[in-house]
There are 2 protein chains.
Amino acid sequence: MDLKQYLKQKCELVDQALERFLPHGKELPASLHGSMRYSVFAGGKRVRPVLLLAACEAVGGELNSALPAACAMEMIHTYSLIHDDLPAMDNDDFRRGNPTNHKVYGEATAILAGDALLTEAFILLSCNGEGMEPGARLRVIHEIAHASGSRGMVGGQMVDMESEGKHDIDMATLSYIHTHKTGALIRASVRAGAILGGANEETFDALTRYADAIGLAFQIADDVLDVEGTTEELGKDAGSDQARGKATYPALVGLEASKRRAEELVQIALNALEPFDERAEPLRAIASYIVKRKS
Amino acid sequence: MDLKQYLKQKCELVDQALERFLPHGKELPASLHGSMRYSVFAGGKRVRPVLLLAACEAVGGELNSALPAACAMEMIHTYSLIHDDLPAMDNDDFRRGNPTNHKVYGEATAILAGDALLTEAFILLSCNGEGMEPGARLRVIHEIAHASGSRGMVGGQMVDMESEGKHDIDMATLSYIHTHKTGALIRASVRAGAILGGANEETFDALTRYADAIGLAFQIADDVLDVEGTTEELGKDAGSDQARGKATYPALVGLEASKRRAEELVQIALNALEPFDERAEPLRAIASYIVKRKS
């Protein structure tokens with residue numbers, strides 16, 4: 001299959017839906033809505049929404065029923081980036097080659113824009129959906145909220161922050177950071193897509209195994225890219241993890257072992273998809289792409 | 001009825017439930033969970049949860065079915081205080097006589113604790129509730145999310161922040177701040193309680209009118225207290241609104257007119273409750289208490 005074409009199509013679908021679902025940039029308070037939109041439309045790759053839609057398709061679901069949840073995932077991801085970039089946190093001036101939210105709108109607005117995007121996700125998830133069973137929608141909200149909270153993404157960010165500059169981070173801590181900070185939202189994206197697509201218990205479990213494997217592969221590949229990529233390709237400073245004393249997979253087990261581990265995880269993800277038919281082709285292609293990408 | 005006794009009972013119920021629903025302070029990441037708990041248990045008056053429970057009771061609902069939503073409201077209120085107190089926002093060192101979250105845990109943790117509390121509210125709201133109809137629970141989530149977001153509380157905070165220090169704030173802007181920054185959560189509390197208690201359309205509308213009236217009365221009374229109260233009574237600096245150049249009701253229409261307006265609003269709230277039986281007594285007592293309180 002043509003993954004590039006697939007990703008392009010799905011990104012357009014997600015971007016159009018985000019455009020529709022987000023408050024208009026002129027709606028009051030305009031500075032707040034402008035700030036929310038600035039970061040949502042700052043060139044993200046829409047990894048989480050695409051995974052959610054692809055998981056929904058893989059179990060034979062309707063794309064339209066999954067689109068609000070896909071956009072909700074992107075809003076949550078974007079809010080986490082806005083807050084992570086704040087001076088009190090990672091203090092980043094650039095993100096994807098653009099000035100970070102607080103550099104453009106100021107710290108206070110950036111904090112509120114992040115808060116509002118997180119909240120907007122739950123507004124969207126609880127909206128009147130056409131035909132979706134309320135019980136399934138509650139399950140999706142719970143899945144996504146749990147993955148985003150103190151036992152998920154925020155917990156991962158907390159431990160990542162506490163670990164910075166320490167030179168004795170072990171694999172257990174690094175693994176906690178990976179599975180929580182990035183893994184949790186990837187897992188929730190795939191599982192939410194599966195629920196909305198009407199997955200049975202068996203396919204739901206298989207997709208969970210797929211998600212956990214690619215979530216970790218994605219993070220290891222990110223760490224590898226930070227070592228091997230160029231600043232131009234990454235849209236941020238190459239080697240920034242190392243400069244900052246961040247614990248990374250290559251720093252703990254070496255570059256080659258990291259690459260091997262990422263490849264193994266892709267294979268685990270593909271094996272989990274064994275019982276699925278051709279509707280899982282996009283998920284398979286995404287798994288393989290993760291370790292080949294350059295940014 | 002004995003309001004003091006009623007408030008004490010309900011506060012204990014809410015505190016016990018919060019204790020149960022919040023992640024344990026020793027659960028990893030312990031600093032994050034400790035920080036969340038620090039602010040939740042920093043002596044709040046539990047106004048929103050009590051209103052939610054009282055509204056549920058007023059329409060003949062079961063308290064237990066409303067307790068998770070009551071706690072969720074308090075988590076959202078607490079998160080908003082943590083973020084409002086941040087140096088980039090109001091830069092407050094004390095809240096209710098205690099050091100603010102970021103003074104104890106640092107800015108980064110305070111930001112994340114706020115994020116996690118907001119998320120925790122939606123985890124709780126989407127949990128398996130016993131016997132509650134999923135459609136009603138989705139409606140409650142939507143109500144609360146909408147009230148908390150950019151068209152609700154966060155929007156109010158944004159406009160409040162933008163208005164600070166300006167000397168030409170008009171009544172329209174002040175009214176926007178009041179109805180959004182504090183009014184939206186009070187309205188959502190009452191309406192969520194009504195939905196969970198099984199209100200019909202008519203009682204739901206009456207309770208909405210009640211909520212809007214006491215929400216505004218509450219805010220005007222707060223502004224009046226800031227002028228008339230002592231620092232000791234308030235647990236924060238008296239006159240701090242004025243010192244900061246905040247737009248307030250007394251500053252715009254004068255102290256006496258403000259007090260009269262608050263009294264009128266209490267009357268509007270009581271009128272809205274006219275068709276209700278004795279189960280609405282707590283709501284009536286709360287309305288009257290709002291303009292009499294000293295802190």
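Where in chain B is the place of B:Pro29? B:Pro29 sits in the loop between helix H1 (3–21) and H2 of chain B. That's a handy way into this structure, which is a predicted model.

**Where the two chains meet**

- Let's start with the head count: the contact draws on 47 residues from chain B and 47 residues from chain A.
- Together the chains bury about 3,900 Å² between them, and carbon and sulfur atoms give 72% of that area.
- On the chain B side, B:Leu112, B:Leu138 and B:Ser150 lose the most area to chain A, and together they make up 15% of what that side buries.
- There are also 12 residue pairs in polar contact between chain B and chain A, counting pairs with both residues at pLDDT 80 or more.
- Which elements of chain B give two or more residues to the side that touches chain A? They are helix H2 (30–40), helix H4 (63–85), helix H6 (107–125), helix H7 (134–148) and helix H8 (153–163) of chain B.
- H6(B) gives the most to that side, with 12 residues.
- Sort the residues on the chain B side by type and you get 26 nonpolar, 14 polar and 7 charged.

**Charged and polar links across the contact**

- The count of salt bridges between chain B and chain A is 2.
- One of them joins A:Glu27 to B:Arg151, with the closest N and O atoms 2.7 Å apart.
- You'll find A:Ser126 in the loop between helix H6 (107–125) and helix H7 (134–148) of chain A.
- Is A:Ser126 buried or exposed? A:Ser126 counts as buried because its relative accessible area is 5%, and the cut-off for buried is under 20%.
- Leaving out residues up to four places away in sequence, A:Ser126 touches A:Arg137 and A:Ile141 in chain A, plus B:Leu138, B:Ile141 and B:His142 in chain B.

- H3(A) is mostly covered, with 11 of its 12 residues buried.
- Among the buried ones are A:Val50, A:Leu51, A:Leu52 and A:Leu53, along with A:Arg48 and A:Cys56.
- What do the buried residues of H3(A) pack against? Their partners are helix H1 (3–21), helix H4 (63–85), helix H9 (171–197), helix H10 (201–228) and helix H15 (281–290) of chain A.
- Just after H3(A) comes A:Gly60, which takes a positive phi of about 85°.
- H4(A) has 23 residues and reaches 32 Å from its first C-alpha to its last, close to the 33 Å expected.
- H4(A) is mostly covered too: 21 of its 23 residues are buried.

**A tucked-in histidine**

- A:His102 belongs to helix H5 (residues 101–105) of chain A.
- A:His102 is buried because its relative accessible area is 8%, under the 20% cut-off.
- A polar atom of the A:His102 side chain lies 3.2 Å from the backbone oxygen of A:Asp92.
- Apart from neighbours within four places in sequence, A:His102 is in contact with A:Asp85, A:Leu86, A:Pro87, A:Asp92, A:Glu107 and A:Ala110.

- The peptide bond between A:Leu28 and A:Pro29 is cis, with omega about -10°, and A:Pro29 is found in the loop between H1 and helix H2 (30–40) of chain A.
- Back to our opening proline: the bond from B:Leu28 to B:Pro29 is cis, with omega near -10°.
- A:Arg96 isn't a glycine, yet its phi is positive, near 50°.
- Look for A:Arg96 in the loop between strand S1 (94–95) and strand S2 (98–99) of chain A, where it is partly exposed at a relative accessible area of 30%.
- B:Arg46 also isn't a glycine and has a positive phi of about 60°.
- B:Arg46 lies in the loop between H2 and helix H3 (47–58) of chain B, and at 3% relative accessibility it counts as buried.

Conventions: Residues are numbered from 1 along each chain as its sequence is written. Chains are lettered from A and ligands numbered from 1 in the order in which they are written. This is a predicted model: local features need pLDDT of at least 70, side-chain atom pairs count only at pLDDT 80 or more; totals for chains, interfaces and linings use all residues. Side-chain values use heavy atoms; hydrogens and water are left out. Contact means heavy atoms within 4.5 Å. Buried area is the accessible area (1.4 Å probe) that two parts lose on being put together, summed over both. A salt bridge is a side-chain nitrogen of Lys or Arg within 4 Å of a carboxyl oxygen of Asp or Glu. A polar contact is a pair of N or O atoms within 3.5 Å; within protein, one must be able to donate a hydrogen and the other to accept it, and residues adjacent in sequence count only if both atoms are side-chain atoms. Helices (H or I, at least four residues) and strands (E, at least two) are DSSP runs, numbered from the N terminus. Ala, Val, Leu, Ile, Met, Phe, Trp, Tyr, Cys and Pro count as nonpolar, Asp, Glu, Lys and Arg as charged, and the others, Gly among them, as polar. Buried means under 20% relative accessible area, exposed over 50%, partly exposed in between (1.4 Å probe, protein chains only). The expected span of a helix is 1.5 Å times one less than its number of residues.
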